[in-house]
Amino acid sequence: MFQTLPTSPYKDQKPGTSGLRKKVPVFQQKNYAENFIQSIFDSLEGFAGKSLVIGGDGRFYNREVIQTAIKMAAANGFGRIIVGQGGILSTPAASHVIRKYKAFGGIILSASHNPGGPKEDFGIKYNIGNGGPAPERITDAIFARSLEIDSYKIADHGDINLDTVGESKLGEMIVQIIDPVTDYADLMEELFDFAAIKDMFAGGFKFAFDAMSAVTGPYALEIFENRLGAGDGCVMNGTPLPDFGGHHPDPNLVHAKKLHDMMMAEDAPDFGAASDGDGDRNLIIGKHIYVTPSDSLAILAANAHHAPAYKNGIAGIARSMPTSMASDRVAEKLGIQLYETPTGWKFFGNLLDEGKVTICGEESAGTGSDHVREKDGLWAVLLWLNILASRKTSAKDIVEDHWQTFGRTYYSRHDYEGLDTDIANKLMSDLRGSLNDLKGTSAGVHKIENADDFSYLDPVDGSTSSNQGIRIFFEGGARLVLRLSGTGTTGATLRVYMEYFEPDAEQHGLDPQDALKDVIKAASIITELYKRTGREAPTVIT
Ligand code: VG1
Ligand code: CO
């Protein structure tokens, strides 16, 4: 009943920051998904008879690829497949399920915050036994294998019923369909003080959560409405749709504008939040205050001890390099280590496994802890709610109080999407070539103190990752970072990250774009962006 079918290698299957992401029609090409999945299996060793977790964010093409992956796992010798009912598992829930059931690894189907639908994005990612994204050593092996692969193994079997919880067999392999929400919701209940949060809601605290028609809907309904009594209807867009209702499931101020407007209104709820397509990102907006992800990371780290799971303090903090340095000051005050890693959650895995850090975060709305090995949107929202319930004050007060204590880091990211790939690559390589010349020169009003191309030495396994983004440090403490996205699916995306530290509380009320105008200007001078790309303004400002 197993067969080996011919395939042919593809040259463009390079996995990016989070696995392989392409448009659906690319994945629909004959053997394309099969080729990548077989390349994953061929790059792993010792999984015979072991368990594999499979789930996705429910986007268009999710079910089809899950059927293929299950049949291929059977033919490749896995002993058990654990799959979320309906093919659904949020990324953090998949990470938890891998850990809880001691699976060999997992396949997560998602293109995260990218849009879904017949012409939109799809993605496949492999996670290892610790529940986290495969490290570069494995993703490099998968890529290398995909360039030479010539056949794949698949069971000759009808489709599996994904909609009924329970066990069935495909040849020797057991297919176990689990409820995708329960294990995860139970974990959240262990970490946080649900009784205190419940009391807060019972006392009239108003909360709004936008699931963006993506995977967190069922999780949010169970946790916020059923278990915490946050009020019927507090979860908006709670039904996962294959095309996310035609929207980008990206919880930023552009795509979650409705929530933002609601939170800025006179009669705003006390607290608002949103998550992305696969449930690993979070957007936090208090009544009349947007919290940048970098500030949120710093504030969560400084206040984590309010939640039962972190009551004895945290071991360390890790942040991706472009994330603002606000959490560095928290680590310093707490007397714990701060690690600066390249972009992408996979770089936190070793630090978490070794117990070197408890809390991690990225400026791109990703925050998480050692409870799983992925960033976790609902976890961040629940930690905020736990802190609010414990401190009994507003989110705005908590943020302003934090700035008062630690100073404020003004921060913004400007994305230039859909650039010509050659032009974007040349911009970066020219910049790389001129780093030494930049030092000591002046860009606008700022003198450049130092400039480098970020390289990371993993303190646990000794591996090095270089070319991870250009950092430019200005006199007076401002910083500019430039890198190309590894997750975009159309052309190239240039990300420009700017920050500037303001210790003086009198100066904490500025608009970030105003506060950063000198750094923004310096960025345009240094990159010659307009001359090279013709772009006058970024596509997205966050
Ligand atoms: C982006 C973010 C990065 C994040 C990655 C995956 O990558 O910048 O911080 O880890 O997406 O997030 P890039 O290479 O496009 O900048 V998600 O929510 O896709 O899993
Ligand atoms: Co995501």
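Which side chain meets that of Glu 363 in a salt bridge? In this predicted model, the partner is Arg 413, at 3.0 Å from N to O; a salt bridge denotes a side-chain nitrogen of Lys or Arg within 4 Å of a carboxyl oxygen of Asp or Glu. Local features need pLDDT of at least 70 and side-chain atom pairs count only at pLDDT 80 or more, whereas totals for chains, interfaces and linings use all residues. Residues are numbered from 1 along each chain as its sequence is written, ligands are numbered from 1 in the order in which they are written, and side-chain values use heavy atoms, with hydrogens and water left out.

The protein is divided into domain 1 (2–180), domain 2 (184–406) and domain 3 (408–541), with bounds from an automatic or database domain assignment. The C-alpha centres of domain 2 and domain 3 lie 26 Å apart. Their contact (heavy atoms within 4.5 Å) takes 27 residues from domain 2 and 23 residues from domain 3. About 2200 Å² is buried between these two domains, 61% of it on carbon and sulfur atoms; buried area is the accessible area (1.4 Å probe) lost when two parts are put together, summed over both. The count of salt bridges between domain 2 and domain 3 is 3.

The cobalt ion (ligand 2) is coordinated by Ser 112 (OG), Asp 276 (OD), Asp 278 (OD) and Asp 280 (OD), at 2.0 to 2.2 Å. Donors are N, O and S atoms within 2.8 Å of the metal (3.2 Å for Na, K and Ca); water is not among the atoms, so sites may look incomplete. The spacing of the donor residues in sequence is S-x163-D-x1-D-x1-D.
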